[in-house]
Amino acid sequence: MLSDYFFEQLQVQFDHQLPFVAFKKPDTTVIKGLLQEDDQLHYSLDFTESGFVFAPFDSENDTFLLPFENASIITHDFVKGNSNGPSNHIDHSKNEQKEFHIDLVQKGIEAINQGSFKKVVLSRCEAVETSDTNPINLFKRLLDTYPTAFVYCWYHPKVGLWLGATPETLLSIRGNRLKTMALAGTQAFEGATDVVWKEKEREEQQIVTDFIIENLRESVGRSQYSVGSLQSSVASVHSSDLKIEVSEQHTVRAGNLLHLKTDIELQLTSGTKALKPILDALHPTPAVCGFPKHRAKNFIIEHEGYPREFYAGFLGELNLKESRTRNTNRRNVENNAYGVSKTVSNLYVNLRCMQIKNDTVQIYVGGGITKDSDAELEWEETVHKSQIIKRVLI
Ligand SMILES: C=C(O[C@H]1C=CC=C(C(=O)O)[C@@H]1O)C(=O)O
């Protein structure tokens, strides 16, 4: 029984096989739903459109859009329910899966040793049987279990049904402020976050940070950056000399896992706001693909043995017009008359996700491979990651 009206509307939309997306951002308590009134497919061609974007791992494939102007927007205040907690789901990853993945990782390490690339992210897709594939129930369980993730449910009858709870932001732009992150390196969370990281994970994450800085520098403009400056005050920005602020590597928790993260921010100048060059330069980052990008991507497409589709793609609000009152100080009556309008994009990397197809759940999980990887441990890492989704299955 779906008692809540918000969730009932999603269910009706799904029953009528009409497109919708529902999502909650990590820093909010509001769940938003966009319900499209017909089943027409819309595309994003150059990221100038306005709507909820759903982009694949491989940018050669179509990027879909649920345009704001074609959707009814509904919202709901998130109140944590009691549907989280260990599920009854029995975890038996198949042996053939393990052999295939270990073999794949070994091939990746060989290619690295032969100088083909420095890092590659190798993944697998696991089909899991569950007694409840209702997307609205699964969405509710994801919301309850992962309150600090970007949690979503995306459906289009002509494309498919995807859900996830991702810890990774690809890009967030609010007005002139651009924020992103390098997230990589994994260990199991065992009660403490002040853990020691091995050189392998530090290097794997540093590759992502360096790639993002270098590609922002090229796509946004000439820049300089300083490590560890995010806490300090922002220096004044010269129009032709962008300053990229980069935090130290630090540990963050995502469900049963810990990752290494670096926050990266910069101020855009007018004339550098087109999203396409930035997204083309960044996506897919070495957190989900590898370095150098094209060689790693070719290796993935050739060897993984399944199409990633939207796993490791990105999704979120694109060019949303946000209006705010400039000044809430009652005495400053004159300024109250002016509203401030900003264009906002909040895009997330589609990780810790599942696709529901023919009443089966397909879980997508991967991990970064470097010269120091151990194939057995890389397999274990994907098992840990798969538990994030399995925890909401019954
Ligand atoms: C590719 C995935 O995670 C990425 C994000 C964080 C840590 C990762 C890692 O340790 O390999 C991956 O780069 C995934 O969850 O499928």
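Helices (H or I, at least four residues) and strands (E, at least two) are DSSP runs, numbered from the N terminus. By this assignment, leucine 318 is found in strand β17 (residues 314-325). The model is predicted: local features need pLDDT of at least 70, side-chain atom pairs count only at pLDDT 80 or more, and totals for chains, interfaces and linings use all residues. Residues are numbered from 1 along each chain as its sequence is written.

The protein has eight helices and 20 strands. Of its 394 residues, 41% are buried (20 or more other C-beta atoms within 10 Å of the residue's own; exposed, 12 or fewer; partly exposed, in between; C-beta atoms are placed from the backbone). Contacts require C-beta atoms, placed from the backbone, within 7 Å. Among contacts between residues at least 6 apart in sequence, 71% join residues at least 24 apart.

Leucine 318 counts as buried, with 28 C-beta neighbours inside 10 Å. Leaving aside neighbours within four places in sequence, its contacts are Ser44, Phe47, Glu49, Ser50, Gly51, Phe52, Val53 and Ser345. Leucine 347 lies 29 residues from leucine 318 along the chain, and their C-alpha atoms are separated by 7.4 Å. Asparagine 319 is also found in strand β17. Asparagine 319 is partly exposed, with 17 other C-beta atoms within 10 Å. Its phi is positive, about 50°, although it is not a glycine.

Aspartate 359 likewise is not a glycine but has a positive phi, of about 65°. This residue is found in the loop between β19 and β20. Aspartate 359 is exposed, with 10 other C-beta atoms within 10 Å. Glycine 305, in the loop between α6 (293-303) and β17, counts as exposed, with 10 C-beta neighbours inside 10 Å.

Two cis peptide bonds were examined. One joins histidine 283 and proline 284, with omega about -10°. Proline 284 is placed in the loop between α5 (275-282) and β16 (290-291). Another joins phenylalanine 291 and proline 292, with omega about -5°. Proline 292 is placed in the loop between β16 and α6.

Helix α3 (residues 135-145) is largely enclosed by the rest of the structure, because nine of its 11 residues are buried. Among them are Ile136, Leu138, Phe139, Leu142 and Leu143, together with Lys140 and Arg141. The buried residues of α3 pack against α1 (5-15), β1 (20-24), β2 (30-36), β8 (150-156), β9 (160-166) and β19 (353-357).

Helix α2 (residues 95-113) packs on helix α8 (residues 375-390) at an angle of about 125°, with the axes 9 Å apart. Thus α2 is oblique to α8 (angles under 35 degrees count as roughly parallel, over 145 as roughly antiparallel, 65 to 115 as roughly perpendicular and the rest as oblique). Axes are lines fitted to C-alpha atoms, for helices over the stretch in contact, and angles run from 0 to 180 degrees between N-to-C directions. In α2, Lys98, His101, Ile102, Val105 and Gln106 meet Ala375, Glu376, Glu378, Trp379 and Thr382 of α8. By class, this contact has four nonpolar, three polar and three charged residues (Ala, Val, Leu, Ile, Met, Phe, Trp, Tyr, Cys and Pro count as nonpolar, Asp, Glu, Lys and Arg as charged, and the others, Gly among them, as polar).

Around the ligand are 17 residues, of which Ala184, Thr186, Gly366, Gly367 and Gly368 come nearest (a residue is near a molecule if its C-beta atom, placed from the backbone, lies within 6 Å of it). Elements giving two or more residues to this shell are β7 (119-128), β11 (177-188) and β20 (360-369). The shell comprises seven nonpolar, seven polar and three charged residues.

Key. Contact = placed C-beta atoms within 7 Å.
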